[in-house]
Amino acid sequence: MSTVPLQHEPQPPLPPEQALPEGSARRRAPERQRNILLRIRDHWADYLYIAPALLVMVVVIGYPLVYTVYLSFFETPPRGGRNFNGIDNYTTILTSERFWMVTRNTFNWTIFSTLFAFLLGFGAALVIQREFIGRGIVRGILLIPWVISLVAAAYVWRWLYHSDYGLIGGMLQEWGVTQERFVFLDSTRWVMPSLIVANVWKEFPFVMIMLLAGLQTVPDQLMRAARVDGANSWNQFIHVTVPHLKNVIVITILLLFVANLNSFGLIWIMTGGGPAYASQIWIVEIYTLAFRSLRFGLASAFSVILFLFMLSIGYFYVRAMTSGDRERGHA
Amino acid sequence: MTHHPVPSDATPDLTPYRAILQSPLGRRQLLRAGVTAAGLGAFLAANPRFALAQADKTGVDPATWTPEHIKEIAGTLEVDTAAEVAKIVPLDYAGNSSYWYVGPNEASADIEKTIDATFWEGFAKTYSGIPFTSGDNLQNVNYNDLLDKLRTAATGNAAPDVAKMPILWGVEFAARGQTREIALEDFGYTTESFWPGALKSVTWEGKLYGIPTNNETMAFIWNKAIFEKAGLDPEKPPATWDDVVTYSKAIKDATGKAGFGLVARVNAGNTPFRFMPMLWAYGSGALDEAEDEPTYKTVMINNEGGIAALQACYDMYVRDKSVPASALTNTQTENFDLYVSGEIAMMISHPSEYAKLLDNASKATGADKEFADELVKNTAYGLIPEGPVRRAVVFGGSNVHIFTDDVTGHTVDLDAAKALIAFSTGPEWSTRLAWLGSNPGNLDGFRTTWMKERLDSIPFLDVTTSMLPYGIPFPVIPESTQIMNEIVPNMLQNALTESKSVKDSADQAASEIEALVSGGY
């Protein structure tokens, strides 16, 4: 029996147009520009096809984006009017105690939701990847949280957690785990963990589906080879499965991270950001500032801060998405 | 005015409601309500200092607006709505308009849905040339969504031509120049047609920007059976807010049930309606809205009275644990569910909630029926307790406004808008649309036969009407919504979660109000 090498196959040589041009650095720049122009010319039809989508994006994303940045330099009192105030909105936000409290909440919410949803989803994917009786049914059941409407799920969780007649608190008391009804959403200490549990429940099937798809692409020969080489289950997982899923994992985590950072519905419905701002995260704060307090200038500045942060996440996302291309030598 | 022969199908189907009211239980309730109202009338007569001190805030003269007077004048006016509105806009006028409002929802009593449908049928018959189609130019929007929707629509130049808003909201649109200045005379009214407090709520910088549709005050509701179990006199509600704290603890200790139905959720209109009466009673206010000559410039929330009111809430929630633990996330709807299930003994209640109890009882079956009937039997209404400084209640209600051409994105058909407003705010429909939960904004409504029918059929209506002289309007400034829906509830939450001390919570609220008015974060 022959073994399959664990290393990647050697990369094929780059096509001539991708190969590094010869000559000095001074010559390389115009050469690259010429290449780009040539490639645009070669693919003019492709650009034409995506033009309508680009146009829509410019209108529905580009314009609001520019306008939000513009508005962030104005004071917009609820009584109406608009006064240019430079970077005052930014300094007001960044120097306020509330901003840092909301930021801490945002990171707790985003990091722990992402982490636990990922771990649970990965675990579920590993389990349902195996052959067992009733696997289809289990897969279906595990997908339920994902397909349920977010609003419906939020209301159900709100009732489950209800401090006076919630099922969870009632059961804990009934079973003697707690002496009194456990207060989940009305406690500054427990509100965020409670929300994260609900969010993880809602999100883990997404991770499960993504990773399940990835797991099914792990070549069986690779696993067999690892076993022949004496790798136990843990080593197979760490040294074969995880490296093979690297790109899927990175993209899934990034998508989850961004989704959680922008997550509004669950928190808004369950707590509205309370009690005492204990579950207020950036996106809820922006909504509150804009549509409850009518401080569109402040809300815009806050949105720009969030946008810049998201942009940095987006950079890693794009890098992860194109890493395969780069490995293959495509720009 | 003469009685307009309203089409027979335009009269709401009150059969299910009457069935309850004609039952022995209903008659008992009516009798008791009558006795209670008479008692309150006597109370007002004997304690004029309470009412007179505040009458100038709403213009509701307590000497005039007694339950007896209201009963006396009801049914003395014949109304011909079509003839009246024809003087404003010809009945054959053809035009277009759009209208957003908070109408009945799934949780509403059947009669409210019937009356709403009847109104639109009546309007269609009167003004067949001004069509309204539900879901198109007629939007019944959830209370918690309407403000955001209106703000967004107005900002995006897509506001409706006409909108009916709760009393607190209108001024911000007026301040931004998004609603149109109006003249009462254009609708056939004078300033005497409405309570001064109601007109004040649609006035910004001396100009009028809307028409009052309905005005109400809340009252105090309690479960006599729970009082009895706690060893309290079931016929005597707490007289003061300090008594509420004491009663609440006694009830919790004796029965394990929540004594008082505190509401402290952020971004829920229910919170200020239930906390501000307490704050005002202790001699405080968000600004100086409860003072004799409010300027809306002095922040009072962290004065001695404000701290005492907050301390009373703290004592009930943290020290005694005698209010629902869910008070920080509950809206009044959820608190009312707790009352309905017999888990709360007393709370500030909207007049429509008793009607909801009756509605529940009429629909319940089996053991639920017995429980619901028992609850109706044990429910009593009374005046909201007083504080060391005053007795107070929020002077609530709604107003109707016309948006400007700029924010609607088109030229508003003013005649169509006027026809709708004149029709809905006249004596007939301002009374009928406020059937269960409010009073007609148009004072002539009190004299109609529909008012008489309401008084004859709705228990405790007199009690809530008796609170009107104690009404205090929210500050009429554009920042009011944020103060009431954000800052005040957050102050409560800071104190009740012990994130801050009672004093620090009040101080923070004060600085936030000051910053808000001056444009800070």
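## Exercises on a predicted two-chain model

In chain B, six strands build an open sheet with mixed pairing, in the order β2-β1-β3-β12-β6-β13. The model is predicted. Work through the tasks with the structure in view.

**Exercise 1. Find which strands stand at the edges of the six-strand sheet of chain B.**

Solution. 
- Step 1. Write down the strand order: β2-β1-β3-β12-β6-β13 (chain B).
- Step 2. Look at the partners. β2 (138–140) and β13 (439–440) of chain B each have a single partner strand.
- Step 3. Conclude. These two strands of chain B are at the edges, so one side of each has no neighbour in the sheet.

**Exercise 2. Determine in which sense β6 and β12 of chain B pair, and over how many bridges.**

Solution. 
- Step 1. Locate the strands. In chain B, β6 covers residues 211–216 and β12 covers residues 396–402.
- Step 2. Pick a bridge. B:Glu216 has B:Gly396 in β12(B) as its bridge partner.
- Step 3. β6 and β12 of chain B pair in the antiparallel sense, over five bridges.

**Exercise 3. Describe the four-strand sheet of chain B and the helix that packs on β8 and β9.**

Solution. 
- Step 1. Give the order. The sheet is open, runs β8-β9-β7-β10 (chain B) and has mixed pairing.
- Step 2. Name the edges. β8 (258–260) and β10 (379–382) of chain B each have a single partner strand, so one side of each is left without a neighbour in the sheet.
- Step 3. From one strand to the next, the twist averages 25°.
- Step 4. Check one pair. β8(B) and β9(B), residues 344–349, pair in the parallel sense over two bridges. B:Phe260 has B:Met346 in β9(B) as its bridge partner.
- Step 5. Place the helix. α14 of chain B, residues 332–340, packs on the sheet and touches β8 and β9 of chain B. The direction of α14(B) makes about 140° with that of β9(B).

**Exercise 4. Decide how α13 and α22 of chain B are oriented to each other, and list the residues of their contact.**

Solution. 
- Step 1. Find the helices. In chain B, α13 spans residues 304–319 and α22 spans residues 480–496.
- Step 2. Read the geometry. α13(B) and α22(B) pack at an angle of about 50°, and their axes are 9 Å apart.
- Step 3. Classify the angle. Angles under 35 degrees count as roughly parallel, and 65 to 115 as roughly perpendicular. α13(B) and α22(B) are therefore oblique to each other.
- Step 4. The crossing of α13(B) and α22(B) is right-handed.
- Step 5. List the residues. α13(B) brings B:Leu310, B:Cys313, B:Tyr314, B:Tyr317 and B:Val318. α22(B) brings B:Met491, B:Leu492, B:Ala495 and B:Leu496.
- Step 6. Sort them by class. The contact has nine nonpolar, no polar and no charged residues.

**Exercise 5. Describe how the two domains of chain B meet.**

Solution. 
- Step 1. In chain B, domain 1 is 27–217 + 395–472 and domain 2 is 219–393 + 479–518.
- Step 2. The C-alpha centres of the two domains of chain B are 26 Å apart.
- Step 3. Count the contact. In chain B, 32 residues of domain 1 are in contact with 26 residues of domain 2.
- Step 4. Find the main supplier. On the side of domain 1 of chain B that touches domain 2 of chain B, α21(B) gives the largest share, four residues.
- Step 5. Sort by class. That side of domain 1 of chain B has 19 nonpolar, 10 polar and three charged residues.

How values were computed
Residues numbered from 1 in each chain as written. Chains lettered and ligands numbered in written order. Predicted model: local features only at pLDDT ≥ 70, side-chain atom pairs only at ≥ 80, totals over all residues. Domains from an automatic or database assignment. Contact = placed C-beta atoms within 7 Å. Nonpolar A, V, L, I, M, F, W, Y, C, P; charged D, E, K, R; others polar. Pairing = 2+ DSSP bridges. Axes fitted to C-alpha atoms, helices over the stretch in contact; angles between N-to-C directions. Parallel < 35°, antiparallel > 145°, perpendicular 65-115°, else oblique. Left-handed = near helix turned anticlockwise from the far one by under 90°.
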